[in-house]
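Open the model in your viewer and keep the selection panel at hand. We will go stop by stop.

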Amino acid sequence: MSAVTIAQLIAQREAIKEKKKALYDLETSVGTITVKPPTGALVAEAWDMPNAFEGNAHIVYECVIAPDLKSKELQDAFGVFEPTEIVTAIFQVGEVNKIAGKLLDISGFKGKIVGKLHEETKNS
């Protein structure tokens with residue numbers, strides 16, 4: 001298997017950009033939600049939080065675009081004081097981790113990358 005070339009990457013440029021902006025629908029206990037992939041900066045921010053659950057809730061809060069979890073009306077209806085509390089008010093605790101995990105998966109933070117010994121190394 002040969003390495004990807006610069007020409008191949010340039011030819012795929014638009015597809016690569018579009019994939020990073022793609023929206024996804026996830027089935028949850030409350031119905032279908034629409035999400036966007038987290039950015040590297042958002043993931044780094046979440047990993048700096050005091051515990052993994054807070055980080056996961058932060059990722060979910062920032063990446064769910066429908067319904068709008070940032071809606072003041074929604075937050076008032078659920079009686080939450082901190083904006084990210086809406087995540088645990090709506091979703092089951094374990095579900096928050098699963099949603100965050102799926103978001104990380106679609107952003108390439110999970111999954112497998114196959115590694116093979118490079119041909120030149122094998123032949124030396």
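This is a predicted model: local features need pLDDT of at least 70, side-chain atom pairs count only at pLDDT 80 or more; totals for chains, interfaces and linings use all residues.

**Stop 1: two helices**

Select residues 52-63, which form helix α4, and residues 93-106, which form helix α7. At what angle do α4 and α7 pack? The angle is about 65°, and the axes lie 9 Å apart. Angles of 65 to 115 degrees count as roughly perpendicular, so α4 is roughly perpendicular to α7. The crossing of α4 and α7 is left-handed.

**Stop 2: the contact between them**

Show side chains on both helices. On α4, pick F53, N56, A57, I59, V60 and C63. On α7, their partners are V93, V96, N97, I99, A100, L103 and L104. Now colour these residues by type. The contact of α4 with α7 has 11 nonpolar residues, 2 polar ones and no charged ones.

**Stop 3**

Are K102 and D105 buried, partly exposed or exposed? K102 has 38% relative accessibility, and D105 has 33%. Buried would need under 20%, and exposed over 50%. K102 is therefore partly exposed, and so is D105.

**Stop 4: E62 and K70**

Go back to α4, residues 52-63, and select E62 together with K70. This pair forms a salt bridge, and its closest N and O atoms are 2.9 Å apart. K70 has a relative accessible area of 42%, so K70 is partly exposed. E62 has 25%, which means that E62 is partly exposed as well.

**Stop 5: a network**

Select R13, E14 and K17. What links these three residues? A network of salt bridges joins them. Zoom in on R13 and E14: their side chains meet with an N to O distance of 3.6 Å. R13 is partly exposed at 42% relative accessibility. E14 is partly exposed too, with a relative accessible area of 44%.

**Last check**

How many salt bridges does the model hold in total? The count comes to 6.

Note on methods
Residues are numbered from 1 along each chain as its sequence is written. Side-chain values use heavy atoms; hydrogens and water are left out. Axes are lines fitted to C-alpha atoms, for helices over the stretch in contact, and angles run from 0 to 180 degrees between N-to-C directions. Helices (H or I, at least four residues) and strands (E, at least two) are DSSP runs, numbered from the N terminus. Angles under 35 degrees count as roughly parallel, over 145 as roughly antiparallel, 65 to 115 as roughly perpendicular and the rest as oblique. A crossing is left-handed if the near helix is turned anticlockwise from the far one by less than a right angle, and right-handed if clockwise. Contact means heavy atoms within 4.5 Å. Ala, Val, Leu, Ile, Met, Phe, Trp, Tyr, Cys and Pro count as nonpolar, Asp, Glu, Lys and Arg as charged, and the others, Gly among them, as polar. A salt bridge is a side-chain nitrogen of Lys or Arg within 4 Å of a carboxyl oxygen of Asp or Glu. Buried means under 20% relative accessible area, exposed over 50%, partly exposed in between (1.4 Å probe, protein chains only).
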